[in-house]
Each structure stands twice: as structure tokens, then as C-alpha cells.
Amino acid sequence: VVDPELYVENCHKALCNGASIGCRELEAYARDCQNEGICLGWRSADLCPYKCPEGLEYKACGLGCTETCDNYEQFRTNPELCTSPRGDTCVCAQGTVLKNGTCVPEGRCVPCDTEGHYPGDKWNPDTCTECTCTKNNVNCHRLQCTKESGSICERGFKSVVMVGTEDQCCPQYICVPEPTAGPVCPELQQPECGYGQVMKLEKTASGCQEFICQCKPPSECPPVEKEMKKSHPAGMVASLDKSGCCPKVTVDCKPETCPEPLPCPPFHEHVKRDTEHCCPEYKCAIPERKCLYEFEYIEDTDKGGERLRQPSERYKELKSVGDRWSDGPCRLCECKESSTVASCITKVCSTPPQSEDYVYVPEVVNNKCCPIYKRHACKQGVHEYEVGSVWPSSDGNPCINLTCILGPNGEITKQESVQTCKKNCKEGWKYIEPAEVSRECCGECKPQGCLVDGVVHEKDSTWMSNDNCTSYLCIIDDDDQMQVVASTEKCPYLGDCPAERIYQDKCCKKCNSTISEDKRVCTIEAVPLNETVGAVKLYHEEHGACINHGHIIGFNECRGTCDSYTQYDPTTGQHESKCLCCKVKEIDTVAVALTCEDGYFLEKQVPVPVTCMCQTCGSNKKLIGIKYPK
């Protein structure tokens, strides 16, 4: 359902960037599976453990809301009441819920009274009262003692308490015979005489004395008129009992004389409660298995969510146990078995999603309790990026760029793009990786030489043509512009060279001046090629200093010796000196390629001797008589 390939790739990237375990990527995958209805219990004590406070335990895919004594029944009946998403949670153990920060059994949530008694408890506030707790109600029953049997005995018997009933609310009495055996009389005991009786001392048949109770004379009986006229609590009726020694006023309960209860307010009914008094107490209460609810909230059609009702808008309704209803858009209420007060749960609006990748803003929806959160922009660290923005990856990889786009579903999405470098260079070029400090992703192809007829000649290298008449130089400037500079050798003039001295030297025929006897002969000689590099220099006003970096083919010099002597002149009668030097007889020009300091190329025609001859020394004038080529 959820393709793991993207998450595995992100996990690889996280591990390569120094993360110990890809917990973040595993969480993202489990969360997306949860959104598809699949729960993955993937955590363990060794793999991305989820720490819970003491007393709570971890639960995968748990409800996003905390179960407490106030809400656990609603959440278990209607999980959709919790608007927070499911996920990793900390919960109480099975059968317990949270109350005041502590997990307690579900049956210990609501006490029956302020003394801390809970459903199922039984206790005795005193010896004559027994109380029980059923749900949220306390029921107490008080024992009523009847007239004690055996408290007044006939002559020859006495009243004693039955063994084992001494501590009961109503002890029991029995009449036992007085001891007659033996001549020893018992210790005199004074009985407690009843109403209208007097105590007298008489002698028994055994000859012993004892106290007895006898009726008073009628003249000594107390008057009863005032007692009969006294007021008594409701239901209690006074009557005259003449069954005893003296007339006695008794006050008895006559329920039929109890007054009718006062009327109850709307939605209430009378509840009878038996008490220690004659007439029962009545209180007005909501009917059993009913809840009285006042509607206080209503939809806010202008701003969304809810608002308080005006006093004139409020009203009450009587709900039955099990009924559920809404009070405005944010409250779901229920009438429970255990209370006449409705239990309401207020929807808890989720907080804005905490995301490292997106900025969320709330959007109010009419007739809904909570706003919805939509992506407003992309985020990378503390920086926010609007739709269309492009920024580099945070891991420093210059080949990865992130773009904030609006996806097909209309939701803002962060898209990662990886730049692919083209490293296949054409012949004669080589791919050069970018410098680390450049922050560039890709390098570039740089020329490594000049490609001529399928052969790559390295930078600043020279080579000759097949006929050895032309020298080529490969030049590559700072802008990677390539240029091949050609220099063609100019063959020397051989008009004055004897035929036997002419020889073929590579491209040209030359005059051999190496014969020993010709050392005195002025002749032309080629300058060695390695000495021609850097021989020609000039300064250009726009491009600065310029110089040749390649060999100059046909760069010649005049070398050799000429006669130098004195001769007698008969005309003057003196010896005249003659001094001859090896000088240029005929010149030509050679094209020399120069490279200036700013990379600019230019070509200069440089004069070179073609033939040489011995001429008068000391002449500093321009070459006179020298033959220039036409």
C-alpha cells in the first residue's frame, strides 16, 4: 500500500550523513502506513525506543487523546470524538485510566460520597446503621428496636440480657427463675421499675428479701393533659395508653397524617426518602435514568467554531440514559447511567503540525469546531520558502537542489532534484572536477591540446609538417581558446654558393660552409631552434608585452671570417689598412607568432639574412646595397 523505496533511500542518505539509526525515516514510514489503516509495531528496547513516564506503558497506533476518568467511556464508544491523529502514545495499563495524573482502576473513578466510598463498599457509621454504595448513590438503613421482650418478669423470675447480644443495636432479654436452693439469700438487686410503678421490698417464700415493682395508686399517677396537648413532628400522633399501671401518653407514627409534598420545578419529580422520622422526606429530583441539560452553545456562522448563546437563546431538555447530542459544534454530550448530569466532551483542536519541512497556517471552516491546517510554505531549518523558490540542500551537496512546488492535488510539496554532470568530453578535451571551495556541482571539459588530423598535440608543443618546411605550435589561452601557429622556413639564396657545396637540409637546400678552408668565408647559418624561443619581443600599447613561445624555422645569421690586412700604397707611400666583416648581403622576412600578456595573438614579420658577404667594417648605416626580395 505504501511503497518503502523512497523511505529506504532517505534512510540511506541519513546514514551516509552521520545518523546512527534512521529513526526519523522509520517513523515517517510507520506514520504513512497508519494513515492507510495499517499499524506497524516496529519499536523495541533496542530499535528507536519510545520513552514513557513512570506508571505508563508504550502503545503503537494508540488514540491521540489521553483516556481519563472523565472521558474514557465516550472515547471507547466513539473513538471519532478524538480529533488528534493516532500514533505512538503512552497509556495506562489495561483496566485502568488516568485520574489526577495517576492510573487507577476504572471502578475507582467516581466516589459515592465525600468520605471516599466507591461502588460495592459497605460500612456501618454506627451500630444501628448500615450503608451501601451503588454507583453514585449511598443507601443507609437504620434499625428500629421494638419493645424488649422479657424486660419485665413475673414474680420468681428476673430479666437478663441474652449472651452475645450485648453489643447489638437492640439487645435481647429473657426471664430466668430466681435461685431458690440453699439457705443463703442473694445480694439485693434494685430493679428498674416501669412507668407507673414503685419499688417495694418484700419477703420471698424462701425467707429472703427482694425488691419488687408494684403499680402506684391511681391518685399518684402523673397528669397527662399537658402531654396530650404538646405539638409533635409531622405524622406523630399522641394517644393515651391505659394498659399499664398509670395512664401514659404515647406518641405513634401515623403516616396517613403526613402532609403532601410541595410541587417540583419543571423536569423534576418527587423522590421519597425514608428517615428516622415518621414522615418520609421528599426531594425534587430529575427522574431516574434521565439527564436535564441546558443548551449553552451555538454555531458561530461568522467566524466558525462556536459562541455562547444569549440568555434568550438558551433552553433545557430532558434526555434519557444512552442519548447523545451536540451542544454547538465543539461539544458532544451523553446521558450516562450513573448520573443525572450530562457528561460532555469538548473537542480538542489539534495544534499546528510540527514539521521540519513545511509551514502550516490555520484555515477557519464555518460550522466546524476546529480549523484545518494547510501548508503555506516550505521550510528548511529557520528559512521559509514560497512556492517556486529553489535552494541548495542542507547537507552541502551542490548537486542537490530543493524546490517548493504546488503538487497536482493542490498541496505544497518540497521536491528534490539531483543534477547529473556530463563527463563525456570530445576528443582532445578532459573533464576537470570543480574545486571544493567553488560550491559548483559539475566541472567542465577543458582542452588538453590541439586536435590536428586526428592527432592531439599537447599545449605549447611543436611539430613539423611532413616536408619539414613548416613548424606548428599549439597555443591554449586562459579562455580555453586553441590556436595552431604555423611558421614556414624560408630557404636561403644559393646564387653565390659553389655547386659542390650545395646540400639538402630537411626542407631547403643549403650551402655547406663547414669545410675547414672556408672558415674564413662569410656565410649564412641557421640559429638552433631551442635558441629561437623567446628571441622576438615587442611591447604593444593595448596588449602589453608580447613574445614568441614557439620555434622559428628559417631564423638565420651571418657567420664567418673575412680578410683583414695592410697593403702598401705607392701613391701615398704608406701602408693602408683594409678590414672586412661578415655582413648581410640579401634579406627576406619570416612570420613569427607572438603571444601577448593578456592572451592576444599577433604576427610580426622579422627580417632574416638570405645571403652573406664580406664587406667593409665599421659601417653603421642602414644596409646599403642589400637586395630585398620583391
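Let's start with C258: at 17% relative accessibility, C258 counts as buried, because buried means under 20% relative accessible area, with exposed over 50% and partly exposed in between (1.4 Å probe, protein chains only).

A word on what we are looking at. This is a predicted model, where local features need pLDDT of at least 70, side-chain atom pairs count only at pLDDT 80 or more, and totals for chains, interfaces and linings use all residues. Residues are numbered from 1 along each chain as its sequence is written, and side-chain values use heavy atoms, leaving out hydrogens and water.

Back to C258. Where is it? C258 sits in the loop between β13 (248-253) and β14 (269-273). Helices (H or I, at least four residues) and strands (E, at least two) are DSSP runs, numbered from the N terminus. Not counting residues up to four places away in sequence, C258 touches G235, C278, C279 and P280. Contact means heavy atoms within 4.5 Å. P233 is 25 residues from C258 along the chain, and their C-alpha atoms are separated by 9.6 Å.

Now another loop residue, A499. Buried or exposed? A499 counts as exposed, because its relative accessibility is 64%. A499 lies in the loop between β35 (482-488) and β36 (502-505). A499 and Y297 are 202 residues apart in sequence, and 129 Å apart in space, C-alpha to C-alpha.

Next, two helices. Helix α1 covers residues 5-16, and helix α2 covers residues 23-35. Their axes come within 9 Å and cross at roughly 165°. That makes α1 roughly antiparallel to α2. Axes here are lines fitted to C-alpha atoms, for helices over the stretch in contact, and angles run from 0 to 180 degrees between N-to-C directions. Under 35 degrees counts as roughly parallel, over 145 as roughly antiparallel, 65 to 115 as roughly perpendicular, and the rest as oblique.

Which residues meet? From α1, Y7, N10, C11 and A14 meet E25, A28, Y29 and D32 in α2. By class, this contact has five nonpolar, one polar and two charged residues. Ala, Val, Leu, Ile, Met, Phe, Trp, Tyr, Cys and Pro count as nonpolar; Asp, Glu, Lys and Arg as charged; the others, Gly among them, as polar. A general point: an α-helix has 3.6 residues a turn, so residues three or four places apart point the same way.

Last, α2 itself. The buried residues of α2 are E25, A28, A30, C33 and Q34. The buried residues of α2 pack against α1 and β1 (57-62). Just after α2, G37 takes a positive phi of about 90°.
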